[in-house]
Amino acid sequence: MGLTRRQRSTITRYAIYAATLLLIGWVAATTDWAKLQESFLDWQVFRQLFPEIVTRAARNTLIFTCFGFSGGLAIGLVLALMRLSTAGPYRWAAALYIEIFRGLPALVTIVLIGFVLPIALHVRVPGTYGPGSLALAIVTGAYLAETIRAGIEAVPKGQMEAARSLGMSYARAMTSIVIPQGFRVILPPLTNELVLLLKDTSLLFVLGTTEETIELAKFGRDAVADTFNGTPLVAVALVYLAITIPLTRAVAWLERRQKRAARA
Amino acid sequence: MSPNAKRMASASAIELVALEKRFDALHVLRGIDLRIAPAEVVCLIGPSGSGKSTLLRCVNRLEEPSAGHILIDGENICAQDCDLDRVRAKIGMVFQQFNLFPHLSVLDNLTIAQRKVLKRSKAQAEDKARKVLDRVGLLHKVHEYPARLSGGQQQRVAIARALAMDPEMMLFDEATSALDPELVGEVLAVMRSLAEDGMTMMVVTHEMGFARGVADRVVFMDGGVIVEQGHPDQVLGDPQHERTQRFLQRVSDR
């Protein structure tokens, strides 16, 4: 055929568009819209979820996420510094922790903290949000440790040397010079971890939820059971997105601003 | 001898005694003895791999010597009880790659160690920062970030950062080697003016013109030992050793 490469690629592209539209059209035509609306988009059911879904469920999800992430950052930072230590035992202990809690399903860790720990050691984590937050922090810490370590290692060695040559101690040089630069590097993966954690709060139901600690996913499933209708799940999904999308957009904006500052 | 008497007995700002450095199998420094008097400017020259940068980095123990002693103002800084951070605070160091802190403005680059190490007040530190920036001719860049400066400007800020600590001596580790040729002059000019003001300086350099014009003494190193040292006119103009002659021949051929 007498077509140029560009013409051929244009034809291919439009063929893909057409096929996609056909597929969407076929799905829309074969869907039972009346049934779907009745089961998942019932306005009456939807309205009844408010304001509880926000003032109680979303609020608790955010509280667990905040506690879990701050705790996870602290644990991850300590583990990262241990992994970078010159002392073998520190490195091995940190590696062991990371392997275990990154390898275990989060659900298992939550059960460990919530039920095994109280029985085995007679230690009960205090606070309404205590056990759940701690379990999430332990899991998140294991994931963040390797990310933070990579961030610290990405900072050129000369930065530490310059800081030490000015008389700063190792700890001072780390906190004032190296760690702030490391965190800029790992901002995108940190956001990723935050979003994953937000969704992992849905596993906390195994601890047994009370009115005080119920989070979004459990709230949604309870409402489904009460109403014999799927609409609450759709509502919960929308609330999750209403939290994560602005969050990731905000971080992306922050990142763009930093890149501009570094380049300009 | 009491520590005080020991300090009195030594008139050297920097004294290296039988210094050795090994990196595993690599024997980089093979017994260096060197004394540098206060206000003296010493240039270290030699082929790459001769150990001159390693020697310089041993002076403030960024590199840990394998054997030997380092005395700063007569104080043995290899001693167990030596407060290394305090000693480093009075030894300014300038690096080949500048190593400015990219997340901090020029002003913060110059004040952070003053605040955290010397415990100066914010006002005191900023006052000092402006003075030393003015001295290197960059007072107008005080609120700029390092990334927005040229290489020569960054290195002058790095010198100012060291000067803000009121150091007793300065170490320069190939301070102009990473610069575009047309930016070398402005950095050398700052170094020259420091030398004229009586700063004790140890300078690892490939700039033979600077060594000839500014140094009180030139030390030629090769293979981890000091081969020859003396007045620049003598070492650079009339070298006695064959290795020195060959090195200078190669450098002037460039």
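Entry, overall form. I note at the outset that I am working with a predicted model. I looked up the secondary structure of chain B and found ten helices and ten strands. I then compared its radius of gyration, 18 Å, with the value near 18 Å that a compact globule of 254 residues would have, and the two agree. The C-alpha trace, taken along its principal axes, spans about 50 × 50 × 35 Å.

Entry, contacts and surface. I asked how many of the contacts between residues at least 6 apart in sequence join residues at least 24 apart, and for chain B the share is 65%. Buried residues account for 56% of the 254 residues, while the accessible surface comes to about 11,100 Å², with 46% of it belonging to carbon and sulfur atoms. I also looked up the charges of chain B, which has 32 positive and 34 negative side chains, the centres of the two sets lying 5 Å apart.

Which residues touch the most other members of the largest nonpolar core? In this core of 75 residues they are B:Ile14, B:Leu16, B:Leu55, B:Ile72, B:Phe101 and B:Met202. Helix 7 of chain A, residues 130–154, gives the most to this core, with eight residues. A second, separate core has 51 residues, among them B:Cys43, B:Ala211, B:Leu236 and B:Leu248.

Key
Residues are numbered from 1 along each chain as its sequence is written. Chains are lettered from A and ligands numbered from 1 in the order in which they are written. This is a predicted model: local features need pLDDT of at least 70, side-chain atom pairs count only at pLDDT 80 or more; totals for chains, interfaces and linings use all residues. Side-chain values use heavy atoms; hydrogens and water are left out. Helices (H or I, at least four residues) and strands (E, at least two) are DSSP runs, numbered from the N terminus. The radius of gyration is taken over C-alpha atoms; the globule rule is 2.2 Å times the number of residues to the power 0.38. Buried means under 20% relative accessible area, exposed over 50%, partly exposed in between (1.4 Å probe, protein chains only). Contact means heavy atoms within 4.5 Å. Accessible areas come from the Shrake-Rupley method with a 1.4 Å probe; for residues, only the protein chains shown count as cover. Lys and Arg count as positive and Asp and Glu as negative; His and the chain ends are not counted. The place of a charge is taken as NZ of Lys, CZ of Arg, CG of Asp or CD of Glu. A nonpolar core is a set of buried Ala, Val, Leu, Ile, Met, Phe, Trp, Tyr and Cys residues joined through side-chain atoms within 4.5 Å.
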